[in-house]
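Keep the structure open while reading.

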Amino acid sequence: MRRPVLAAVAVAGALVLAGCGGSNSGSAASGAELSVDAAYIPQPVSDSMAAGFLTITNEGDTADQLTSVTSEDGEVTVHETVGGTMKEVDRLEVPAHGQLVFKSGGNHLMFEKLKHQPKQGQSVAVELHFAHSDPVTVKMPVKAATYQPTTGHSGHTEDSGH
């Protein structure tokens, strides 16, 4: 009777320790390995709203989810575009060994209630929050309103060129 109880305690202890280790960014060998590239904001025409684009790459073995984006410059919401229809979502998947791409006409960040209108040459800092990974801070440069990235937003491009 004593042996099953000890085994259960050992398993529970191992699970607790495994859970603690998962939050350490240095132990992400089997988890998500996230990086952000090709981030930019086209110079907005409105003084209170803007859109943002970037690519989140996950080279890890585990998918993660972008759950929110925050910025000291204003409110940021995540929008998904499906079949030409845009809707706000509370999370988007970052697939294992894949990318979550935010691009014009597709998924994008929406900045609202901006404290000031971002101008070309400036940058806006955002913090990306994930379901399992540590937050990632990104400086998004403000580009010309007509800026079109040549690379980094195809979903399969290795070199972003930025």
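Leaving aside its neighbours within four places in sequence, which residues is Asn 58 in contact with? They are Ala 32, Glu 33, Leu 34, Ala 63, Asp 64, Val 94, Pro 95, Ala 96, His 97 and Gly 98. The model is predicted.

**Asn 58**

- Asn 58 sits in strand E2, which spans residues 49-58.
- Asn 58 is buried, because its relative accessible area is 1% and the cut-off for buried is under 20%.
- A polar atom of the Asn 58 side chain lies 2.8 Å from the backbone oxygen of Thr 62.
- The backbone oxygen of Pro 95 also lies 3.4 Å from a polar atom of that Asn 58 side chain.

**Nonpolar core**

- The largest nonpolar core holds 24 residues.
- Seven members touch the most other members: Ile 56, Leu 66, Phe 102, Leu 109, Phe 111, Leu 128 and Met 140.
- Strand E9, residues 123-130, gives this core its largest share, with four residues.
- Phe 111 has contacts beyond its neighbours within four places in sequence.
- Those contacts of Phe 111 include Ile 41, Met 49, Val 76, Val 124, Val 126 and Met 140.
- Ser 48, Ala 50, Ala 51, Gly 52 and Glu 75 are also in contact with Phe 111.

**Strand pairing**

- E9 and E10 are antiparallel and pair over six bridges.
- A hairpin of five residues joins E9 to E10.
- Within this pairing, Leu 128 has Val 136 in E10 as its bridge partner.
- Strand E3, residues 64-70, pairs with E9 in the antiparallel sense over four bridges.
- Ser 68 stands opposite His 129 in E9.
- Strand E1 (residues 34-42) and strand E10 (residues 136-143) run parallel and are joined by two bridges.
- Ile 41 has Val 142 in E10 as its bridge partner.
- Ile 41 is also one of the contacts of Phe 111.
- In a regular strand, side chains alternate between the two faces of the sheet.

**Salt bridge**

- How many salt bridges does the count come to? The count is one.
- The side chains of Glu 75 and Lys 113 form this salt bridge, at 3.5 Å from N to O.
- The pair links distant parts of the chain, 38 residues apart.
- Glu 75 is in strand E4, while Lys 113 is in the loop between strand E8 (108-112) and E9.
- Side chains of opposite charge can pair when their charged atoms come close.
- Glu 75 counts as partly exposed, because its relative accessibility is 43% and that class lies between 20% and 50%.
- Lys 113 counts as exposed, because its relative accessibility is 61% and the cut-off is over 50%.
- Glu 75 is also in contact with Phe 111.

**Positive phi values**

- Ala 38 is buried, because its relative accessible area of 4% falls under 20%.
- Lys 113 has a positive phi near 50 degrees and is a residue other than glycine.
- Lys 113 lies in the loop between E8 and E9.
- Lys 113 is exposed, with a relative accessible area of 61%, whereas Ala 38 is buried.

**Val 82**

- Val 82 is found in strand E4, residues 75-82.
- Is Val 82 buried or exposed? Val 82 is exposed, because its relative accessible area of 53% is over 50%.
- Val 82 and Gly 106 are 24 residues apart along the chain, and their C-alpha atoms are separated by 7.5 Å.

Notes. Residues numbered from 1 in each chain as written. Predicted model: local features only at pLDDT ≥ 70, side-chain atom pairs only at ≥ 80, totals over all residues. Heavy atoms only, no water. Core = buried A, V, L, I, M, F, W, Y, C linked by side-chain atoms within 4.5 Å. Buried < 20%, exposed > 50% of the residue type's maximum accessible area, 1.4 Å probe, protein only. Contact = heavy atoms within 4.5 Å. Pairing = 2+ DSSP bridges. Salt bridge = Lys/Arg side-chain N within 4 Å of Asp/Glu carboxyl O. Polar contact = N/O pair within 3.5 Å; in protein donor to acceptor, adjacent residues only side chain to side chain.
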